[in-house]
Structure formats: C-alpha cells, structure tokens
Amino acid sequence: MPRLTDEQTVNVGSFQFSAIGIDKLSETQYTLVTLIVDITGSVSGFENDLLRMIQESVRGCKKSPRADNILLRVLTFNTDVYEVHGYRLLNQIDENADYPALRPAGVTALYDATFNGLKAAAEYGKQLADQDFDANVLVIVITDGADNASSCTPSVIKGVIEDIHKNELLAGVKTILIGVNDKSCRTYLDTFKTGGGLDEYVSMGDVTPQKLAKLAGFVSKSVSSSSQSLMTGTPAATPAFTF
Amino acid sequence: MFSIDTFLKGAKEPCEDYILAGSEPAPHIILSDGCSSERHTDVGARLLAHALKRYAIDEQALMPVYRAITATAACAETLRLPEGAMTATLGLIRERGDSLWAHLYGDGIVFYALKGEKTPRWFRVEYEGNMPCYPCYLLDRETKKLFEERDRRAITGDGYQAAASLFESVVGETVCLLPTMMVQYVGIASDGLGSFGLSVQEVLTDICQFKGAGKRLQRRMNRVLRDYAVREITPGDDLSVGVLFNEEMFGESAG
C-alpha cells in the first residue's frame, strides 16, 4: 500500500489542513469529500460501529468507477476538531491502518467542525481551480447531538457556502447532515440545516450496527453521485435511502 | 526532460480526429484528421496514425509517410473499407537530436514558445478551397502530379520565424525545425483549432496559459472550452491538440 509522502499543509486563518500536493495529481477533475464524525461522549457504546462505518465508506468509495477522481479528508470532533487525515487519494488510504480507534469524550463543537470541513474544501478547491482543475465539494457531517461548544455560528457556515457559490470556482458544493440517535435533537438539527445553509438533513434514527453499515453505503453512494455530477455537469443527486 | 499531454474532442459522431503520443524511443505526438466528406475516415485516421508511429518513430524508416500510407492502404483493402477512408491528414512532432521536428502532411497548426515567453508563436498550413494535400494522394500518380504542378498551400502565422526553420519536403509535407534548448513547449493541432469563429491567435493565446504540472493541456482545454461555451462559442470541427513540454525550461522567466 503506497504511503503518503507528498502532503502540503495549508493555513486557513484559525486552523490548518493537510492535502496532497497539487503537482502530484494526475487527473483533471476531483471531488473533494470531507467526512466529519462526532466522537463526543454520547457516542460511547457504538464507537466501534462508527469506526467500521468509516472504514466501509472508504472501501465503498474505492469501488467507484471514479475512485481516481476522489480526494477524501476525514475529521472527528468533540470539544475540538481533529484531522484524522487530510485530502488524500483513495489509493493512499489504508482503511485498516489509517483509522485509529475512536475514543468518545467531550462535548459537541458541531459548528466548528462543519466550518473546518467547508473552509478547507473551499481553500483547496480554489487552489485546484487556479491550476485549471475541475472540482466540486461534498461534506458529510455525522452527529448525534446539538452544538454546545463551538465558537462558530450557523450563519458563518452559511456564509462560507454562499462564497463558494458566488466565486464560481467550483462546479458545486453539497452538504449532508446525518443525525444518528437524533430523536431528541431532530428539531435542532433541522434548524442547523436551515441556518447553516446545508443541503440535506438525513435522520438515521436510533443507532444499530446494521443501520451504520447502511450509512456506509449511503456515504459511498453520495460520493459516487457527486463525482459523477462533476463529469456530467448535472447536479449531484442524494441517493434515496431508508434506514 | 519532456512531458507530453494531448487533448481530443469530437464535434460530431464519430470523431474523425485521432491523436497518440509516447516517450520511447523519443518524445513524440502523432495526430490525424480524417476528411469529413469521405466515409469511415475515423477508422482511416486511426490506422494512419498508428502506421506512422511504426515507421517514423519505432522503426525510423526512410520515407515513413509513404510506408505508412501503403500499409494503411493494405489494411483498408483487407477490411474492405472504401478507398476514401484513408483521406486524412497527418501531423507529427518529435525530438531528434538537438532539435524538435514538426511535420504536417496536409493542413494543421504548429505552435511554440521560447523560454520566458507567455504568448505562443504559431503557423498554420492551409490549402486553397480547404482541400489539403492528403498523404493518400502519394499513391495516386495523377493527383500527386496535380499537387506538384500547383502550389495551393498557404502559410500564415505570427512570430514563428523567430526560431523555426520551415521547408516543404515531398509533396504536401511541411517541416519545421526548432532548437530544443530554446523552446519551452511545442504543440501541434488539427485545423479544428480554427473552427471556433475566433482567430487562431486568440484561441492559442487562451489555450497556452498553461498552469501547474501534469495534464496541464487537458485542464487548460477543458477550462477554455467551458469559458467559450458560456459565450456560446463552440468548435465547428473535431479538435486534436498535443504538446511537448520542455520541463527543464517550462515556466522559467526569460532572464
């Protein structure tokens, strides 16, 4: 399995992110995918299933006919936001070795994590566009609770999304908020979706290993759909899914 | 030392342009543009390009174009393709010794930039009545004689004389030599580059704003075509473009 040796680190004001050097990219189009996973204390009890979901999502993405056109970044968050790895080609990810055990703890900086995902995608997307690459963005946020620790607000997130659309450098941006165990916070997450300008809110309901396995399929199908839309120039469709 | 990038886009089905490229034994690009008024020239263009690769590049044979068209004619007969299927131009750029050679058999466009230059220099070979001297005419004595008697070729361009030596060899072939150590890139294109309704100068200036590394020609072409489409400008013909980039010099300033 090839190991990543060609990463660059990019400063975006309040945080940094890492990404494969643009001169190492051999395709002309890329979908920048960011998977953001909640590891607050409340996911304790199903953290192993969450980890398997991440691994299966990556495996599913690797099967896409457009696998070479996908760059994936994975974040986890609780009180802080952690970059598990920056934007990498799928063939540079070892899903068995690159994802350490999740250790749930802390409270929920949901807005900061979403902001981090979108802002990094916007910045890296701009770098790609400046070198004539075609790029679009897909951000998937998986959370089980309301924000209670962020310094960012939904309106700031909405501003980032609006700037991406206004600049017209990227072929599109799609954001999917997925609520797990979200019975008690469904209304809140719906409000966040609206206030943050996110595209979709998908409620998974109560967590079960089977549903998280299905979630992995939803994630990889969403990624594939976004990548196809970049090729065809049509808007990305969210896969129909029932949990 | 050289990287290679090519671009191909059909304006119709089937695409009658074809392009292939390689690095061994030396960097080279071959393109072929089939005549749209003859049948199955999409097949003929592909056969011709591969035949030229064999004789000009792999075997470095004498009279490679003649060998290529003869081989293609034999293939076409075996496949029972109509005679007109071989009616296609050929273009070739390659490194040989300390020079870059560009050959056009028929019409087409060659462009290049010297070290530090942003705007490409270029020339275009056209034929009166848009009837180029196709390589397959070498097999037809009467038609070959006709072309020998009348020079219906016209060369236009901008600044190409700065470093390029141009001459015509056998009937219908235009040859251009460039010194390798002065050139940051050299490209070749089918006449589809002139089918946008814009001047060749304008199109080449837009295309040659290459950025970054890797497939910089493909990315640039995609970007230019998309920007043109917004302005409702589309190519009226198939388009094939290939560029050899001198990586030791590309992007350096003139000083």
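Contact here means heavy atoms within 4.5 Å. By that criterion, the contact between the chains of this predicted model takes ten residues from chain A and eleven residues from chain B. Local features need pLDDT of at least 70 and side-chain atom pairs count only at pLDDT 80 or more, whereas totals for chains, interfaces and linings use all residues. Residues are numbered from 1 along each chain as its sequence is written, chains are lettered from A in the order in which they are written, and side-chain values use heavy atoms, with hydrogens and water left out.

- A:Leu128 touches A:Ile22, A:Leu25, A:Tyr30, A:Leu32, A:Phe133 and A:Ala135, leaving aside residues up to four places away in sequence.

**Interface of chains A and B**

- About 940 Å² is buried between the two chains, 41% of it on carbon and sulfur atoms; buried area is the accessible area (1.4 Å probe) that two parts lose on being put together, summed over both.
- On the chain B side, B:Lys215, B:Arg219 and B:Arg223 lose the most area to chain A, together 54% of what that side buries.
- Four salt bridges are counted between the chains, each being a side-chain nitrogen of Lys or Arg within 4 Å of a carboxyl oxygen of Asp or Glu.
- One salt bridge joins the side chains of A:Asp134 and B:Arg226, at 2.8 Å from N to O.

**Backbone features of chain B**

- The peptide bond from B:Glu13 to B:Pro14 is cis, with omega near -15°, and B:Pro14 lies in the loop between strand S1 (2-9) and strand S2 (17-22).
- A cis peptide bond also runs from B:Glu24 to B:Pro25, with omega near -5°; B:Pro25 is in the loop between S2 and strand S3 (28-34).
- B:Gln60, although not a glycine, has a positive phi of about 45°, and is placed in the loop between helix H1 (41-58) and helix H2 (64-78).

Technical notes:
Helices (H or I, at least four residues) and strands (E, at least two) are DSSP runs, numbered from the N terminus.
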